[in-house]
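Subject: Structure handover

Hello,

Here is the structure we talked about. Please open it beside this email and follow along.

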Amino acid sequence: MRVSIREPRSSDTEAHRSAVLRSVEHLSPWNPVEPDGLPELLRRQGAGLRTFLIFDNEDGGIVGKCNVANIVLARFRNAALGYDSYVPYNGTGRMTEGLRLVVDRCFAAEPGGLGLHRLEISVQPDNVRSVAMAKRLGFRHEGFSPRMLFINDAWRDHERFAMTAEEWPGL
């Protein structure tokens, strides 16, 4: 693997800020760009939200970020994945490698993993690179949700993808 993952730390704030600022043009059509958002994201970590940063093993740079959000356990054991890749690593395959590690962690049993059974990814239809990512990871298309999320001052349609632990080749 060319990458590794871990949960973010406050010491990652400046590196994360730099990665987001380098990637404004790449991110802004699809997500709010929040270069100073890591401290707030760190405060929100808990039972319902876990964040992973993806690092390049060679130079230590931040390849991307993945939020595992809306985590519900008990009989549901479900969560939603959201991800951002950062320049200059986008398009190199490193984000795919990193997301495979995140999905492994999500489906792995507790205490080392999150013990989830199902993961969902929602992507704006015109975000062809993120749609391709969901498919490359093996997520199946489940449907279309009009006006699903309020992003960049408008309600945005999303394509929905999902996978269960039984479908994940890593297990």
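Predicted model: local features only at pLDDT ≥ 70, side-chain atom pairs only at ≥ 80, totals over all residues.

Residues are numbered from 1 along each chain as its sequence is written, and side-chain values use heavy atoms, with hydrogens and water left out.

**Core**

The largest nonpolar core has 32 residues. (A nonpolar core is a set of buried Ala, Val, Leu, Ile, Met, Phe, Trp, Tyr and Cys residues joined through side-chain atoms within 4.5 Å. Buried means under 20% relative accessible area, exposed over 50%, and partly exposed in between, with a 1.4 Å probe and protein chains only.) Val-68, Leu-81, Tyr-83, Leu-119 and Phe-139 have the most contacts inside this core. Elements that each supply at least two of its residues include strand 2 (49–56), strand 3 (62–72), strand 4 and helix 5 (128–136). (Helices are DSSP runs of H or I, at least four residues; strands are runs of E, at least two; both are numbered from the N terminus.) Helix 4 gives the largest share, six residues.

Take Val-68. Leaving aside neighbours within four places in sequence, its contacts include Phe-52, Leu-81, Val-102 and Leu-116. (Contact means heavy atoms within 4.5 Å.)

**Salt bridges**

Side chains of opposite charge can pair when their charged atoms come close. How many salt bridges does the structure hold? There are twelve. (A salt bridge is a side-chain nitrogen of Lys or Arg within 4 Å of a carboxyl oxygen of Asp or Glu.)

Asp-56 pairs with Arg-94, with the closest N and O atoms 2.5 Å apart. Asp-56 lies in strand 2 and Arg-94 in helix 4, so this bridge ties together parts 38 residues apart in sequence. Asp-56 is buried at 5% relative accessibility. Arg-94 is buried too, at 17%.

Arg-140 and Glu-167 meet through their side chains at 2.8 Å, N to O. Arg-140 is in strand 6 (residues 140–151) and Glu-167 in the segment after strand 7, so the pair links parts 27 residues apart in sequence. Arg-140 is partly exposed, at 31%. Glu-167 is partly exposed as well, at 38%. Shared partners join Arg-118, Glu-120, Arg-140, Glu-142 and Glu-167 into one salt-bridge network.

**Asp-84**

Asp-84 sits in strand 4 (residues 78–85). Is this residue buried or exposed? Asp-84 is buried, with a relative accessible area of 12%. Its side chain forms a salt bridge with that of Lys-65 (3.8 Å, N to O). Lys-65 lies in strand 3 and Asp-84 in strand 4, so the pair ties together parts 19 residues apart in sequence. Lys-65 is buried, at 13%. The Asp-84 side chain also makes a polar contact with the side chain of Asn-31, at 2.7 Å. (A polar contact is a pair of N or O atoms within 3.5 Å; within protein, one must be able to donate a hydrogen and the other to accept it, and residues adjacent in sequence count only if both atoms are side-chain atoms.) Beyond neighbours within four places in sequence, Asp-84 has contacts including Leu-27, Val-63, Gly-64 and Met-95.

**Arg-43**

Arg-43 is in helix 3 (residues 38–44). Arg-43 counts as exposed, at 59% relative accessibility. Arg-43 and Ser-10 are 33 residues apart in sequence and 10.0 Å apart in space, C-alpha to C-alpha.

Best wishes
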